[in-house]
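Please read the points below with the model open. They cover the domains, the core, the overall dimensions and a few local features.

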Amino acid sequence: MFNILNLCECVGNLHMHTPYSDGESWHQQIAQAALHAGLDFIVVTDHNVLVQGVEGFYGSEKSGYVLLLTGEEVHDQARQPQANHLLVYGTEEELAQCASDPQALINAVNAANGLCFLAHPNDSEIAWLGEYAIPWADWQVYGYTGLEIWNYMSSTKDLMPTPLATLRTAFRPEEGMVGPNPETLAAWDRLLAQGQRVVGIGNSDAHGTIYHLGPLKHEVFPYDFLFNCVNTHVLLTQPLAGQVERDKAAIYRAIRAGHAFIAYDLVGDARGFRFSAHGHSTATIMGGVIRLGSGITLQAIAPVRSHFKVIHNGKVVMEATDRENITYTAHTAGAYRIEVWREFKGKERAWILSNPIYVEDGNYRVSTL
Ligand SMILES: [Zn+2]
Ligand SMILES: [Zn+2]
């Protein structure tokens with residue numbers, strides 16, 4: 001069993017690009033940006049290329065170190081309209097050749113002991129700019145690890161319906177950003193309610209793209225800005241050891257198990273958030289499974305007083321404002337997850353989204369990993 005009080009939290013970002021695909025900065029520079037933002041690990045995911053030979057700890061004794069890993073974002077480049085971007089981690093082999101059939105690709109990831117996530121599942125278009133949407137289209141697929149619940153770059157597209165709104169968002173994305181796409185949350189809740197184990201992660205999708213407007217040059221959403229926005233906080237049983245293969249395995253194991261939460265760290269440093277479930281002589285943390293028995297006590301704690309929501313199979317079953325922690329007794333099986341909302345720049349924003357705890361009984365069972 002976990003010692004719930006002794007988990008090691010490690011903050012990372014699992015979606016970004018270099019010039020190997022359509023990003024601006026190379027691994028070394030991205031690692032610097034990640035260090036600057038205080039991240040513990042990053043996973044670089046270029047389009048349809050698994051870049052090898054660059055994984056490792058970057059930094060110095062003075063600056064500290066960040067673990068840089070590589071995965072890839074695979075999609076079928078021939079498909080029209082474009083859709084189905086799949087984030088792939090931990091496979092050690094190139095899988096872009098499987099892109100034309102999303103299910104075959106997911107099967108290949110699983111055969112290679114990898115993890116995969118449906119990227120920006122409900123991406124929108126920016127009609128006036130001619131930027132098309134790249135959502136997930138083939139929802140009948142199965143066997144994927146989870147969903148990219150919050151992709152910050154994809155969420156900014158929702159804030160760009162007009163030229164003026166686009167300009168505002170390009171310079172101040174945080175003004176309009178409220179939370180992840182509600183359709184993605186609804187899709188997640190539907191899958192969870194069906195007993196599907198679906199891990200949620202949150203990422204930047206940083207590209208560091210520079211736009212030129214006559215003599216003006218503006219880097220829209222630099223890497224270090226985005227690494228201070230939506231991240232995935234992973235809970236490990238031991239701190240990172242400074243050994244690439246071992247730490248990589250520990251991070252991916254924890255993510256696969258859903259021992260992680262999504263945080264919009266610009267709103268406030270979310271380190272310290274915890275969500276656990278306690279039954280008669282048994283306990284688990286987010287991502288875990290627990291038997292309902294005569295009732296389960298859910299506990300959540302946030303670093304500062306904020307607005308908590310307990311969500312059961314997609315329905316808010318409890319809300320509490322101005323609280324540092326909450327408890328809720330669950331008498332019904334299903335998936336329970338926590339959202340923490342907090343005021344930032346005059347508006348309440350989604351701050352923390354936990355992974356679910358699955359409370360099982362005779363009727364509600366979750367699929368095995
Ligand atoms: Zn993508
Ligand atoms: Zn991407």
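1. The centres of domain 1 and domain 2, taken over C-alpha atoms, lie 24 Å apart. Domain 1 spans 4–266 and domain 2 spans 270–364 in the protein chain; these bounds come from an automatic or database domain assignment. The contact between them takes 29 residues from domain 1 and 24 residues from domain 2, two residues being in contact if their C-beta atoms, placed from the backbone, lie within 7 Å.

2. This is a predicted model, in which local features need pLDDT of at least 70 and side-chain atom pairs count only at pLDDT 80 or more, while totals for chains, interfaces and linings use all residues. Residues are numbered from 1 along each chain as its sequence is written, and chains are lettered from A and ligands numbered from 1 in the order in which they are written.

3. Helix 6 has 12 residues and reaches 16 Å from its first C-alpha to its last, close to the 16 Å expected at 1.5 Å a residue; the expected span is 1.5 Å times one less than the number of residues. Its buried residues are Thr184, Leu185, Ala187, Trp188, Asp189 and Leu192. A residue is buried if 20 or more other C-beta atoms lie within 10 Å of its own, exposed if 12 or fewer, and partly exposed in between, with C-beta atoms placed from the backbone. The cover over the buried residues of helix 6 includes strand 7 (146–151), strand 8 and strand 18 (334–344). Gly195 follows helix 6 with a positive phi, near 90 degrees.

4. The largest nonpolar core holds 97 residues, of which Ala34, Ile42 and Val66 touch the most other members. Such a core is a set of buried Ala, Val, Leu, Ile, Met, Phe, Trp, Tyr and Cys residues joined through C-beta atoms within 7 Å. Strand 16 (residues 296–312) gives this core its largest share, seven residues. At least three residues of the core come from each of domain 1 and domain 2. Leaving aside neighbours within four places in sequence, Val66 has contacts that include Ala31, Ala34, Leu39, Ile42 and Tyr58.

5. The protein chain comes to eight helices and 20 strands. Buried residues make up 46% of the 369 residues.

6. Gly53 sits in the loop between strand 2 (41–47) and strand 3 (56–60). Gly53 counts as exposed because it has 7 C-beta neighbours inside 10 Å.

Methods
Helices (H or I, at least four residues) and strands (E, at least two) are DSSP runs, numbered from the N terminus.
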